[in-house]
Amino acid sequence: MAKTAVPPSFLPVNQSREGEDWRCSPPYQSSTQDEFDSVKWTGRCHCGQVEYQLKREKPLTAKFCHCQICQVLHGAPFQLAAIFPKSDVRFTRGHEKLTFYSSGEKRKEHKLPCKVYCSYCNTPIMDEGRNMCLLFPELIDVGPDLEDQRKRRETFEIKCHIFYGSRIVDIKDGKPKWSGLDEKSELLDDNGQVLLHYTETKTIEDNPLQM
Ligand SMILES: [Zn+2]
Ligand SMILES: [Zn+2]
């Protein structure tokens, strides 16, 4: 959809200038409270200055990503990413306090896909793609209630592992494991042995961050 360029002087006060359009779109500025009537989950950073709500209960999918970028940027052997459409996410606190990092450019800028952090405590908030957010279930707040914790485990259970070829630890959970992107690389067993070679004939799903 082509956008007509509007000179900055004609923009309403609450609208950002060209290049900052993303500030006016989900999840930074989304839908009305009505659309978020039934909030399914709330997530927040460690210091609590950034908070978001989810109106969708289950992610489109959830994966463990063992790629080296996730390992380094999270300081963890792998990342648990739950994929949500951006329109299902809404910041209720601190969206003006976020910082961005483009791993492709190695620059602190909002260039998609990019990583989003709380600028105060540096908690990674999400990986932002064009239409999707990769959220981290660790941030979803359920409190001490055991039943809520069980529900969170069930909701965010992973479908598969990706980039298992560059794993730091073996995960013997019997879930599908891909050497690179899912459906787009070799299928491995828990020990990293090839079960199925990738054939170009497969229909493939693009990297969710490019969606
Ligand atoms: Zn914080
Ligand atoms: Zn990764």
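This section describes the fold, core and selected local geometry of a predicted model of a protein chain.

The protein chain has 211 residues, of which 24% count as buried. Its secondary structure consists of two helices and 13 strands. Among contacts with a separation of 6 or more, those between residues 24 or more positions apart account for 49%. The average pLDDT of the chain is 87, and 82% of the residues score at least 70. Over residues 1-18, by contrast, the pLDDT is below 50, and this stretch has eight contacts in the model beyond near neighbours in sequence.

An open sheet is formed by three strands in the order β1-β2-β5, with antiparallel pairing. From one strand to the next, the twist averages 30°. Within this sheet, β1 and β2 (residues 51-54) run antiparallel and are joined by four bridges. Gly-43 is placed opposite Tyr-52 of β2.

Strands β7 and β8 are antiparallel and share four bridges, and Tyr-117 has Pro-124 in β8 as its bridge partner. The hairpin of β7 and β8 has five residues between the strands. Strand β8 also pairs with β9 in the antiparallel sense, here over three bridges, with Cys-133 in β9 as the bridge partner of Glu-128. Strand β8 is mostly covered, as five of its five residues are buried.

The largest nonpolar core comprises 33 residues, and the residues with the most contacts inside it are Cys-65, Phe-84, Ile-125 and Cys-133. Two or more residues are contributed to this core by each of β2, β3 (61-65), β4 (79-85), β5, β7 (114-118), β8 (124-128) and β9 (132-135). For Phe-84, leaving aside neighbours within four places in sequence, the contacts are Leu-54, Arg-56, Pro-59, Leu-60, Val-89, Met-132, Cys-133 and Leu-135.

Ile-69 is located in helix α1 (residues 68-74). Ile-69 has 15 other C-beta atoms within 10 Å and is therefore partly exposed. Its C-alpha atom is separated by 9.7 Å from that of Gln-79, ten residues apart along the chain. Leu-187 belongs to strand β12 (residues 187-188) and is partly exposed because 17 other C-beta atoms lie within 10 Å. Beyond its neighbours within four places in sequence, Leu-187 is in contact with Pro-176, Lys-177, Trp-178, Leu-195 and Leu-196. The C-alpha atoms of Leu-187 and Gly-165 are separated by 9.8 Å, with the two residues 22 residues apart along the chain.

Tyr-198 is situated in the segment after β13 (194-196). Since 17 C-beta neighbours are found inside 10 Å, Tyr-198 counts as partly exposed. Apart from neighbours within four places in sequence, its contacts are Lys-184, Ser-185 and Glu-186. A C-alpha separation of 9.7 Å is found between Tyr-198 and Ser-179, which are 19 residues apart along the chain.

The bond from Pro-26 to Pro-27 is cis, with omega near 5°, and Pro-27 is in the segment before β1. A cis peptide bond also joins Leu-112 and Pro-113, with omega about -5°; Pro-113 occupies the loop between β6 (98-101) and β7.

Positive phi values in residues other than glycine were also examined. Asn-122 has a phi near 65° and lies in the loop between β7 and β8. Asn-122 counts as exposed because 12 C-beta neighbours lie inside 10 Å, the cut-off for this class being 12 or fewer. Glu-183 likewise has a positive phi, near 65°, and is placed in the loop between β11 (177-178) and β12. With 16 C-beta neighbours inside 10 Å, Glu-183 counts as partly exposed.

Definitions and conventions:
Residues are numbered from 1 along each chain as its sequence is written. Chains are lettered from A and ligands numbered from 1 in the order in which they are written. This is a predicted model: local features need pLDDT of at least 70, side-chain atom pairs count only at pLDDT 80 or more; totals for chains, interfaces and linings use all residues. A residue is buried if 20 or more other C-beta atoms lie within 10 Å of its own, exposed if 12 or fewer, and partly exposed in between; C-beta atoms are placed from the backbone. Two strands pair if DSSP finds at least two bridges between them. Axes are lines fitted to C-alpha atoms, for helices over the stretch in contact, and angles run from 0 to 180 degrees between N-to-C directions. Two residues are in contact if their C-beta atoms, placed from the backbone, lie within 7 Å. A nonpolar core is a set of buried Ala, Val, Leu, Ile, Met, Phe, Trp, Tyr and Cys residues joined through C-beta atoms within 7 Å. pLDDT is the predictor's confidence in each residue, from 0 to 100.
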